[in-house]
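Here are a few notes to read alongside the model. Have a look at it first, then work through the points below.

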Amino acid sequence: MKKKLLRLGACSFLLLSNMIAIAQDGNAGINEANTKVRSYFAGGVNLMYAVGAIVGLIGAVKVYQKW
């Protein structure tokens, strides 16, 4: 009985997820991903600046200690 319910639930889930996947537009998904990536770009640039500054400070301290 449990196996039948599990199979029925799995089949229902796969059928519904397939319908949802078919209903999505490829261009809309690409545009949404493009928008999200562009919205994170400014934050990513600032993060890279911060990482570069920390690495530069660590490098400067190491050079100063060896000097």
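What percentage of the 67 residues of the chain count as buried?

1. Burial. The figure is 0% of the chain's 67 residues. Keep in mind that this is a predicted model. To count as buried, a residue would need under 20% relative accessible area. As for the surface as a whole, the chain exposes about 6600 Å², and 71% of that is supplied by carbon and sulfur atoms.

2. Overall make-up. You'll find 2 helices here and 0 strands. One of the helices is α2, which covers residues 26–66.

3. The span of α2. This helix has 41 residues.

4. A bend to look for. Follow α2 along to F41, where the helix bends by about 35°. That angle compares axes fitted to the seven residues ending at that position and the seven starting there.

5. The salt bridge. How many salt bridges does the structure hold? There is 1, and E32 forms it with K36. The closest N and O atoms of the pair are 3.6 Å apart, and the cut-off for a salt bridge is 4 Å. Both residues sit in helix α2, and because they are 4 residues apart, about one helical turn separates them.

6. How open that pair is. E32 counts as partly exposed, at 45% relative accessibility. K36 is partly exposed too, with a relative accessible area of 45%.

7. A nonpolar patch. Which residues form a nonpolar patch on the surface? They are L47, M48, V51 and V55, and together they have about 390 Å² of accessible area. M48 has its place in helix α2.

Conventions. Residues numbered from 1 in each chain as written. Predicted model: local features only at pLDDT ≥ 70, side-chain atom pairs only at ≥ 80, totals over all residues. Heavy atoms only, no water. Patch = residues over 30% accessible without salt bridge, like charges linked within 9 Å, V, L, I, M, F, W, Y side chains within 5 Å. Areas by Shrake-Rupley, 256 points an atom, 1.4 Å probe, with all protein chains shown as cover. Salt bridge = Lys/Arg side-chain N within 4 Å of Asp/Glu carboxyl O. Buried < 20%, exposed > 50% of the residue type's maximum accessible area, 1.4 Å probe, protein only. Expected span 1.5 Å × (residues − 1).
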